[in-house]
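Look at the structure below and keep the sequence beside it. The paragraphs that follow go through a few local features in turn.

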Amino acid sequence: MPNSNKTAIVKSAMRTFAVLEFFRETKRAASVTEISSALEMPQSSTSVLLSSLVELNYLEYDRQTRRFIPSYRVNLLGDWIRRSPFRDTKLTDLMEELWTATGGETVMLGQQAGAAGMQYLHVVRGGYQLQFIAHAGQIRPMVRTALGHVLLSQMPNTKIRGIIRRNNAEEPSQSARVRESAFLEEVERIRRRGFSESSGRTTPGANTIGMLVPLPKNALRSRSASADQSNESRQSARASLKSCRAG
């Protein structure tokens, strides 16, 4: 469930999208009780919300099983986004291709959010029992993610220093803060080789490799494949990212 302490967010809107995100992750029909428990929402409020979404034709309700499932109308909401071309290939299809090429590693698409954040836009979950977990919509500090690092590599150092200071100021853990000089050296290495790599520094045991995705009108987003720490898995992810980018 999204952070309810952010009072600027209307609670009903937050809960509506939390329900839709629940179905996106579970990919199955669910009862009021299941949804209420998963999202930590009062069952009475959940029931009213689901009934409203059924009335608006965004959910379907099976009276026999007493379960809800998103309607086709929900799929159409983002259909125009999915049809956006990326070198004559749908971007989400490209992510699925990358998922297959890496043997089922998690694949993520992200972009800068606000002044110093990196937001995951779309995530194709890994096929392994042990996997890197990221959620679409989640925002993380730019200096703490491989996707953020590769986006930062496109900025001048003066701007990067400001983002480092902001991320460090908002980071409660002293050990998680980054040293400006060391970070700028890493950014320079990313510029030279064309991709970023976390090597377990952000999430212990998980390696994330990030590369840029050129989009129309010179917009830039980053995508990545996360892998475990084995050399074979890392090399496969690197090769697959470069292949997809070249294709």
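A polar contact is a pair of N or O atoms within 3.5 Å. In this predicted model, a polar atom of the T46 side chain lies 2.8 Å from the backbone oxygen of P42. T46 belongs to helix α3, which covers residues 43-55. Is T46 buried or exposed? Its relative accessibility is 1%, and buried means under 20%, so T46 counts as buried. Apart from neighbours within four places in sequence, the residues in contact with T46 are V32, I35, S36 and M41.

The next topic is the aromatic rings. A pair of such rings is described by the distance of the centres and the angle of the planes. How many aromatic pairs does a search of the whole structure find? The search finds two. One is formed by F22 and F23, with 5.4 Å from centre to centre and 75 degrees between the planes, an edge-to-face arrangement. Both F22 and F23 are buried.

Y61 and F68 also form a pair, with ring centres 4.6 Å apart. Why is this pair called tilted? Planes under 30 degrees apart count as stacked and those over 60 as edge-to-face; the planes of Y61 and F68 are at 35 degrees, so the pair is tilted. Y61 has 35% relative accessibility and therefore counts as partly exposed, whereas F68, with a relative accessible area of 5%, is buried.

R193 lies over the face of F195, at 5.1 Å from the ring centre.

Methods: Residues are numbered from 1 along each chain as its sequence is written. This is a predicted model: local features need pLDDT of at least 70, side-chain atom pairs count only at pLDDT 80 or more; totals for chains, interfaces and linings use all residues. Side-chain values use heavy atoms; hydrogens and water are left out. Rings of Phe, Tyr and Trp (its six-membered ring) pair if their centres lie within 6.5 Å; planes under 30 degrees apart count as stacked, over 60 as edge-to-face and the rest as tilted. Buried means under 20% relative accessible area, exposed over 50%, partly exposed in between (1.4 Å probe, protein chains only). A charge sits over a ring if NZ of Lys or CZ of Arg is within 6 Å of the ring centre and within 35 degrees of the ring normal. Helices (H or I, at least four residues) and strands (E, at least two) are DSSP runs, numbered from the N terminus. A polar contact is a pair of N or O atoms within 3.5 Å; within protein, one must be able to donate a hydrogen and the other to accept it, and residues adjacent in sequence count only if both atoms are side-chain atoms. Contact means heavy atoms within 4.5 Å.
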